[in-house]
Structures are given as structure tokens and as C-alpha cells.
Amino acid sequence: WLVRTAGAAVVLGGFAFKVAAAPFHMWTPDVYQGAPTVVTAFMSVGAKVGGFAALLRILMVALPTLGDTWATAIAFLAALTLILGNVLAIAQTDIKRMLGYSSIAHAGYILIAVAASVNSPDGLSAALFYMFAYVFTNLGAFAVAVAVERKEGEGVLLEDYKGLAKRYPAMAIAMAFFMLSLTGIPPTGGFTAKFFVFRTGIEAGLTWLVLIGVITSVISAYYYLRVVFYMYMYEGQGEMALRPSLVSVVVIAAVATLLLGLLPGPWFDLARQAVIQSAQAIAGG
């Protein structure tokens with residue numbers, strides 16, 4: 001048992017680094033800031049979703065008998081990740097670093113569902129739904145960030161978002177919508193995703209962790225809505241480099257985020273069915 005537990009701890013540590021969970025998160029803000037914004041956008045969704053997909057697979061296939069042990073460890077990882085990600089994001093003035101710490105924080109919300117999956121039948125489904133909503137919301141936010149950046153390394157500060165609402169009202173509305181979704185305000189996919197995650201956490205008896213999630217969500221409103229405040233409440237000469245590809249991504253992401261907020265049922269059922277089929281395949285294999 002001791003050897004298996006030690007092995008599981010090493011595996012969980014590796015995946016925690018991959019999904020940017022605290023205290024293995026230190027690389028994320030620097031990489032997000034230093035990489036080209038298009039690459040950062042892919043990393044923020046592709047690497048995170050891939051890392052969580054592999055983590056869930058390992059937990060379901062290789063470590064089901066150690067569920068009570070790894071669930072406790074993941075719950076504490078989730079709490080630390082939520083607190084550090086959201087609190088440190090407040091001090092950021094670079095949009096990419098802010099979204100980097102935001103990515104860390106959202107890993108914490110997903111980890112709540114992962115920890116709850118041992119005692120809640122919908123834990124893994126909630127995690128999948130959250131990742132689905134996060135993909136569209138974050139891609140939309142980064143698409144706007146790419147448009148504002150214009151040239152490599154220019155236009156990445158929050159100051160550069162001043163006055164965007166007057167010059168580019170449609171893109172400003174879309175960015176505000178993505179910020180509301182990341183905060184978890186209805187009627188967005190981010191709100192329904194957090195609702196499902198918190199519900200599974202309560203069902204699993206992790207009320208203390210859900211409480212931390214709620215409090216840190218309130219904290220996150222400060223730095224997300226600060227972007228909206230800069231766009232609408234400040235005078236400025238904010239510029240964008242609008243390309244059809246970027247506009248298309250923003251529109252698709254905004255529509256998907258809205259649908260996930262207004263009609264979450266079919267998408268959650270799809271996530272639940274994916275979990276059931278995966279479990280059946282594992283049992284049959």
C-alpha cells in the first residue's frame with residue numbers, strides 16, 4: 001500500500017505540474033507572458049484540457065482503489081490552487097499574465113469536481129463540462145487579446161484596453177461577456193460550469209472546498225471586471241487589428257458560451273454519456 005501511495009503521489013505531482021495546479025504553477029505566468037499570444041491561447045486550452053484528460057484517465061483506470069487517498073490530496077491541491085491563482089491575479093497589469101493566473105485558478109475549480117468524483121456520480125461529468133465551457137470562453141478572450149496586441153509585444157497591458165468600447169463596441173461587448181463567464185456570472189457557460197462543479201462538491205461532502213471556491217470567485221470578479229472597467233469607463237485610443245479569422249473565433253466562442261449558459265442540460269448529458277461510455281470501455285477492456 002505504501003509503495004502504491006508513493007507512486008500515486010509522484011504521478012499526481014507530475015499531472016499537477018501539467019495542469020498548472022499549485023504549488024506546481026510557477027512556470028505558467030512567465031510562459032504565458034513570454035510566448036506569442038496565439039501560442040499562449042493554444043496552451044491555455046489545449047495543454048490544460050489534455051492534461052486533465054490524461055489525469056482523469058489515470059485516476060479511473062490505474063488508481064480507483066486509492067480513491068479516498070487521492071481525493072483528499074486533490075481537494076487540498078484545489079484549495080491552494082484557487083487561493084493562489086485568484087489572489088495573485090489581482091496584482092497583474094499584463095493581460096497575458098493575468099490570464100495565466102486565471103488559468104491556474106480555473107484548474108482549481110476543475111479539481112473540485114475531480115476530488116468530488118469519488119463520492120459524487122456526476123463529478124467527472126462536471127469536470128468535463130467545465131473544461132468544455134472553459135475552452136470557448138478562454139479562446140474568445142485570447143482572440144480579443146490577439147486583436148488588441150496588433151504587433152508582437154505591444155498592446156498587452158490593461159492600459160491598452162482603455163477606450164475600446166467606443167472604438168470597437170462589438171468586440172468590447174464580446175470581451176466583457178468572456179470576462180463575465182470567467183467570473184461565473186449568468187447567463188454564461190462559466191456560471192453553469194461552476195454551478196455543476198459546486199453541486200458535485202456539496203454532494204461529495206466537500207462543502208469547505210466549495211466555500212473556498214465561492215469566495216475566490218468573488219475575488220476573481222475584481223480582476224476580470226477591471227478589464228471591462230478599462231474598456232468602458234476610461235477615455236483612450238485603444239486600437240485593434242481586426243482580421244476575419246479573429247472575428248470568426250470571437251463570434252463562435254461567444255455564441256457557444258451563451259448556449260452553454262442558457263441551455264446547459266444537453267451538453268451536461270453529453271458529458272455524462274462520455275463518462276459512462278468511458279467507464280464501460282475500461283470495464284470491458
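Trainee: Hi! Which residues touch the most other members of the largest nonpolar core?
Mentor: Tyr-161 and Met-179 do, in a core of 91 residues. A nonpolar core here is a set of buried Ala, Val, Leu, Ile, Met, Phe, Trp, Tyr and Cys residues joined through side-chain atoms within 4.5 Å. Buried means under 20% relative accessible area, exposed means over 50%, and partly exposed is in between, using a 1.4 Å probe and protein chains only.

Trainee: Which helix gives the most to this core?
Mentor: Helix 6 (residues 123-149), with 16 residues. Helices (H or I, at least four residues) and strands (E, at least two) are DSSP runs, numbered from the N terminus.

Trainee: Before we go on, what kind of model is this?
Mentor: This is a predicted model, where local features need pLDDT of at least 70 and side-chain atom pairs count only at pLDDT 80 or more, while totals for chains, interfaces and linings use all residues. Residues are numbered from 1 along each chain as its sequence is written, and side-chain values use heavy atoms, with hydrogens and water left out.

Trainee: Back to Tyr-161, then. What does Tyr-161 touch?
Mentor: Leaving out residues up to four places away in sequence, Tyr-161 touches Ile-95, Ala-145, Val-148, Gly-155, Met-175, Val-227, Tyr-230 and Met-231. A contact means heavy atoms within 4.5 Å.

Trainee: Let's zoom out. How many helices and strands are in the protein chain?
Mentor: There are 12 helices and zero strands. The radius of gyration of the chain is 19 Å, close to the 19 Å that the globule rule gives for 285 residues, so the chain is as compact as a globular protein of that length. That radius is taken over C-alpha atoms, and the globule rule is 2.2 Å times the number of residues to the power 0.38. Along its principal axes, the C-alpha trace spans about 60 × 35 × 35 Å.

Trainee: And what share of the residues count as buried?
Mentor: Of the 285 residues, 53% count as buried. As for contacts with a separation of 6 or more, residues 24 or more positions apart account for 83% of them.

Trainee: New topic, rings! How many aromatic pairs does the structure hold?
Mentor: It holds 14. Rings of Phe, Tyr and Trp (its six-membered ring) pair if their centres lie within 6.5 Å; planes under 30 degrees apart count as stacked, over 60 as edge-to-face and the rest as tilted. Take Phe-17 and Trp-27: their ring centres are 5.6 Å apart and their planes are at 35°, so the pair is tilted. Phe-17 sits in helix 1 (residues 2-18) and Trp-27 in helix 2 (residues 27-34), 10 residues apart.

Trainee: What about Tyr-109 and Phe-198, how do their rings sit?
Mentor: Their centres are 6.3 Å apart with the planes at 65°, so that pair is edge-to-face. Tyr-109 lies in helix 5 (residues 95-116) and Phe-198 in helix 9 (residues 189-203), so the pair ties together parts that are 89 residues apart in sequence. Both Tyr-109 and Phe-198 are buried.

Trainee: Which residues do ring pairs link into a cluster?
Mentor: Phe-129, Phe-195, Phe-196 and Phe-268. Phe-268 also has Arg-199 over its face, at 5.8 Å from the ring centre. A charge sits over a ring if NZ of Lys or CZ of Arg is within 6 Å of the ring centre and within 35 degrees of the ring normal. Likewise, the charged end of Lys-162 sits over the ring of Tyr-234, 4.5 Å from its centre.

Trainee: Last stop, helix 10. Where is Leu-209, and is Leu-209 buried or exposed?
Mentor: Leu-209 is in helix 10 (residues 207-233), and Leu-209 is buried because its relative accessible area is 0%. Leu-209 touches Ala-75, Ala-78, Ala-79, Leu-82 and Ile-112, not counting residues up to four places away in sequence. Leu-209 and Ile-112 are 97 residues apart in sequence, yet their C-alpha atoms are 7.2 Å apart in space.

Trainee: And what does Ser-220 touch?
Mentor: Ser-220 is found in helix 10 too, and touches Asn-86, Thr-183 and Lys-194, again not counting residues up to four places away in sequence. With a relative accessible area of 1%, Ser-220 is buried.
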